[in-house]
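Hello,

Here is the structure I promised to send over. My notes on it follow below.

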Amino acid sequence: TAALESFTRATQSQPQSHLAWYGCGVTVVEMGRPDEALEAFDRAIALQPDSHLAWLAKGMTLVDQQHWDEALPVLQATLDHYPESAPAWYGLGIVHLHANRAMEALSAFESSVELQADFDLAWYGKGLALLQGGRPEEALEALIAATTANPQCTLAWIHQAETLEQLGRRD
């Protein structure tokens, strides 16, 4: 693609530019080449260790690949550099959710929605964490918040219906 060609030229002409490597990583991950993206993000981080965008992109790429153990320290590093990152808290919640750590997941998702109240996926994740923790009434509230933030959040609607059924609410 033209974008990849531009970023490749940028990394060749300015190999010390963390932004060029970050942009290259974003481009190749969007092209479905996560391994190359991770290498580019690593280069960006090596050049600019406090680049929260590169840390976040690396962490979310690892989450997308379901590399939970690898994603955890990367997302924690993201939050060390930028604790106001709602997407990083969301990613951390996903990692904890998949490790069956409901309370840690819940805490991460709560941090995410505190920072970005309309983050539907974080509300959805909070609902899942509450379900995993055996708190369906509260989960229902979070799932409703997810569909309020984004009426197209299909999985939240599905879990909302299942939770209503579980609670015996059929009206």
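Please keep in mind that this is a predicted model. In the protein chain, residues 24 or more positions apart account for 43% of the contacts with a separation of 6 or more. The chain has 10 helices and 0 strands, and its C-alpha atoms fill a box of roughly 65 × 30 × 25 Å along the principal axes. Of the 171 residues, 44% are buried. The accessible surface is about 9,000 Å², with 52% of it belonging to carbon and sulfur atoms.

On charge, there are 9 positive and 23 negative side chains. The centres of the two sets lie 2 Å apart.

Now the rings. The count of aromatic pairs is 3. Tyr 22 and Phe 41 make a tilted pair, 6.2 Å centre to centre with 40 degrees between the planes. Tyr 22 lies in helix H2 (residues 18-30) and Phe 41 in helix H3 (residues 34-47), so this pair ties together parts that are 19 residues apart in sequence. Tyr 22 is partly exposed, at 22% relative accessible area, whereas Phe 41 is buried, at 1%.

Tyr 90 and Phe 109 also form a tilted pair, at 6.0 Å and 50 degrees. Tyr 90 belongs to helix H6 (residues 86-98) and Phe 109 to helix H7 (residues 102-115), so here too the parts tied together are 19 residues apart in sequence. Both Tyr 90 and Phe 109 are buried. Ring pairs join these two and Phe 119 into a cluster.

Lastly, Arg 43 lies over the face of Trp 21, 4.1 Å from the ring centre.

Regards

Terms used:
Residues numbered from 1 in each chain as written. Predicted model: local features only at pLDDT ≥ 70, side-chain atom pairs only at ≥ 80, totals over all residues. Heavy atoms only, no water. Helix = DSSP H or I, 4+ residues; strand = E, 2+ residues; numbered from the N terminus. Buried < 20%, exposed > 50% of the residue type's maximum accessible area, 1.4 Å probe, protein only. Contact = heavy atoms within 4.5 Å. Areas by Shrake-Rupley, 256 points an atom, 1.4 Å probe, with all protein chains shown as cover. Lys, Arg positive; Asp, Glu negative; His and termini not counted. Charge placed at Lys NZ, Arg CZ, Asp CG, Glu CD. Phe/Tyr/Trp six-rings, centres within 6.5 Å; stacked < 30°, edge-to-face > 60°. Lys NZ or Arg CZ within 6 Å of the ring centre and 35° of its normal.
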